[in-house]
Amino acid sequence: MARDARVRRTRSGPRFDELCERLESVGERQAPYDTRIGGGGAFPHPDAARVLFAGVSGSFEGLSRGARNALSTSGAAVDGQRFHPHLTLARLGRPANVTKWVRLLDAYSGPTWSVSELALVESHLGEGPSKRPRHEVRATFPLAQPHLRCGSDGRGEG
């Protein structure tokens, strides 16, 4: 699902360029991998949720750690909270009990797809429809492509 194989820079500036270089390096060190949507949860917890989400499986630790390091060394504030790969399904205006929805989501396991890029997304709070956030993809960084060994049969096996 690669959006673009090149790094797209829409704004110049030493910190943004530095961040792009660092994120490009993160992508070069991470091979593509498979993921799927499955399970669910709520932030901060199902009894008094502000956010309902579907879980996302797969090994996001390397990308998360690399992206956070790239952000902090480029001058961006990083919250330091544990990373939870997820797909936000609903933002609630006030805390609500969503336990039944979480149980329903726990029974779901979606189709598999390949993670092949890292995207730098800028959030513009209050600039979207109904004063919601608007999100802008600022740049994309392809993940490393596996290298075939000499004499390979095309499947990456010698």
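**Pockets and ring pairs**

Tutor: In this predicted model, the largest pocket has a volume of about 1,900 Å³. Of the 44 residues that line the largest pocket, F83, H86, L118, A119 and V121 are the closest to its centre.

Student: Which element supplies the largest share of the lining of the largest pocket?

Tutor: Several elements take part, for β1, β2, α2, β3, β4, β5 and β6 each supply at least two residues of the lining of the largest pocket. By class, that lining divides into 26 nonpolar, eleven polar and seven charged residues. The largest share, seven residues, comes from strand β5.

Student: What is the volume of the second largest pocket?

Tutor: The residues that line the second largest pocket are F53, G58, F60, E61, S64, R82, F83, H84 and P85. By class, four of these are nonpolar, three polar and two charged. The volume of the second largest pocket is about 160 Å³.

Student: Is the pair of Y33 and F60 stacked or edge-to-face?

Tutor: The centres of the rings of Y33 and F60 are 5.4 Å apart, and their planes stand at 85 degrees. Planes over 60 degrees apart count as edge-to-face, so the pair of Y33 and F60 is edge-to-face.

Student: How many residues apart are Y33 and F60, and is Y33 buried or exposed?

Tutor: Y33 lies in strand β1, whereas F60 lies in the loop between β2 and α2, so that the pair links parts of the chain 27 residues apart. The cut-off for buried is under 20% relative accessible area, and F60, at 15%, counts as buried. Y33, at 12% relative accessibility, likewise counts as buried.

Student: Are the rings of F43 and F53 stacked or edge-to-face?

Tutor: F43 lies in strand β1 and F53 in strand β2, so the pair ties together parts that are ten residues apart in sequence. F43 is partly exposed, with a relative accessible area of 26%, whereas F53, at 11% relative accessibility, counts as buried. The centres of the two rings are 4.5 Å apart and the planes at 25 degrees, so the pair of F43 and F53 is stacked.

Notes. Residues are numbered from 1 along each chain as its sequence is written. This is a predicted model: local features need pLDDT of at least 70, side-chain atom pairs count only at pLDDT 80 or more; totals for chains, interfaces and linings use all residues. Side-chain values use heavy atoms; hydrogens and water are left out. Rings of Phe, Tyr and Trp (its six-membered ring) pair if their centres lie within 6.5 Å; planes under 30 degrees apart count as stacked, over 60 as edge-to-face and the rest as tilted. Helices (H or I, at least four residues) and strands (E, at least two) are DSSP runs, numbered from the N terminus. Buried means under 20% relative accessible area, exposed over 50%, partly exposed in between (1.4 Å probe, protein chains only). On a 1 Å grid over the protein atoms alone, a cavity is a set of points where a 1.4 Å probe fits but cannot get out, and a pocket is an open set with protein on both sides within 12 Å along at least five of seven lines; lining residues have an atom within 4 Å of a point. Grid points are joined across faces, edges and corners, and a volume is the space filled by probe spheres set on the points. Ala, Val, Leu, Ile, Met, Phe, Trp, Tyr, Cys and Pro count as nonpolar, Asp, Glu, Lys and Arg as charged, and the others, Gly among them, as polar.
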